[in-house]
Amino acid sequence: QDVHRSSFTRSSPSDFWSLSSLQPCVRLSTGPQQRHSTLYEFRTYCIHPEQNAAFLKLTNEKIQLRTAHSELVGYWSVEYGGLNKVFHIWKYDSHSQRAAVRAALAQDPTWISEYISKAIPMLTSQDNEVTYLVPWSRLHKPPKEGGVYELVSYQMCPGGPAVWGQDFQAAVTAHDAPGYAKLVGAADQRAELRHKAHTDARVVAAVRNSIVHLVAQENKLMFPCPFSPLR
């Protein structure tokens, strides 16, 4: 089973992520938008354990009611680093488009009756954040489907990319070397490949320069849902 390594970075007060597979990594930030208005909304839903299977089945059957309103980038079930959770990403051209979509959903009787009224009681909590692609990143689909995604969140020191951006970019770029951040291989190879990266002098040097800006790190392994555009 292939592994698509998706590393998302979080800074305080500006949050920052990166998403990668075989293609160049994707990095997103919750800080002030850069040179574009396109935004990506991250949503995390926690599900009642006994309702997890039912929620995924309902969403699989009714997701077209939601994607009729705006673009879904990806939808995953969290396997490690949190149980009974789903994580999904929605793309919007602007905040005004997002507001229009939310307003339209609130007035969509089919969406409300066939999905949201049934799904909400299955959830224990919902969380969302708005992010932007950083200037040196592009969003790409992995060339091969059926993999596992790793979501990595980094909480950085205050100051934003102006303080730690260059060092962090260098560290992530170092991990972009074949076999590291663009990890594609058997799931049980993850530890071996990470060990190789951590013994690579170039990677170690880059990480050493960026680690001084790091406050905390969190990892999750996620499986794409059957209806996820990123699989």
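**A buried glutamate and its surroundings**

Mentor: Glu150 counts as buried, at 1% relative accessibility; buried means under 20% relative accessible area, exposed over 50%, and partly exposed in between, with a 1.4 Å probe and protein chains only.

Trainee: Where does Glu150 lie?

Mentor: Glu150 lies in strand E9, residues 148–156. Helices (H or I, at least four residues) and strands (E, at least two) are DSSP runs, numbered from the N terminus. The C-alpha atoms of Glu150 and Gly81 are separated by 9.8 Å, although the two are 69 residues apart along the chain.

Trainee: What kind of model is this, and how are residues numbered?

Mentor: This is a predicted model, in which local features need pLDDT of at least 70 and side-chain atom pairs count only at pLDDT 80 or more, while totals for chains, interfaces and linings use all residues. Residues are numbered from 1 along each chain as its sequence is written, and side-chain values use heavy atoms, with hydrogens and water left out.

Trainee: How many helices and strands are in the chain?

Mentor: The chain has 6 helices and 10 strands. Of its 231 residues, 46% are buried. Among contacts (heavy atoms within 4.5 Å) with a separation of 6 or more, 76% are between residues 24 or more positions apart.

Trainee: You mentioned Gly81. What phi does Gly81 take?

Mentor: Gly81 takes a positive phi near 90°, in the hairpin of E6 and E7, which has 4 residues between the strands. Asn84 lies in the loop between E6 and E7, and Asn84 has a positive phi of about 55° although it is not a glycine.

Trainee: Is Asn84 buried or partly exposed?

Mentor: Asn84 counts as partly exposed, at 24% relative accessibility. Asn52, in helix H1 (residues 52–67), is in contact with Asn84 and Ile47, leaving aside neighbours within four places in sequence. Asn52 itself is buried, with a relative accessible area of 17%.

Trainee: Which strands pair with E7?

Mentor: Two strands pair if DSSP finds at least two bridges between them. Strand E5 (residues 39–47) runs antiparallel to E7 and is joined to E7 by 8 bridges; Leu39 has Tyr92 in E7 as its bridge partner. Strand E6 (residues 71–80) also pairs with E7 in the antiparallel sense, over 6 bridges, and there Tyr75 has His88 as its bridge partner.

Trainee: Why is E7 called largely enclosed?

Mentor: Strand E7 (residues 85–92) has 6 of its 8 residues buried, so the rest of the structure largely encloses E7.

Trainee: Which residues touch the most other members of the largest nonpolar core?

Mentor: A nonpolar core is a set of buried Ala, Val, Leu, Ile, Met, Phe, Trp, Tyr and Cys residues joined through side-chain atoms within 4.5 Å. The largest one has 22 residues, and Tyr45, Phe55, Leu72, Tyr75, Val86, Tyr115 and Phe227 touch the most other members. Elements giving two or more residues to this core include E5, E6, helix H2 (95–106), helix H3 (109–119) and strand E8 (123–133). H1 gives the most, with 4 residues. Apart from this core lies another of 12 residues, among them Phe42, Val78, Ile89 and Leu230.

Trainee: What is Phe55 in contact with?

Mentor: Leaving aside neighbours within four places in sequence, the contacts of Phe55 include Tyr45, Val86, Tyr115 and Leu123.

Trainee: Moving to H3, which residues are buried there?

Mentor: Trp111, Tyr115 and Ala119 are buried in H3. Seen down the axis, they fall within an arc of 50°, so they line one face of the helix; the arc is that of the directions from the helix axis to the C-beta atoms. The buried residues of H3 pack against H1, E6, H2 and E8.

Trainee: One last topic: how many disulfides does a search of the whole structure find?

Mentor: The search finds 0 disulfides, a disulfide being a pair of cysteine sulfur atoms within 2.5 Å.
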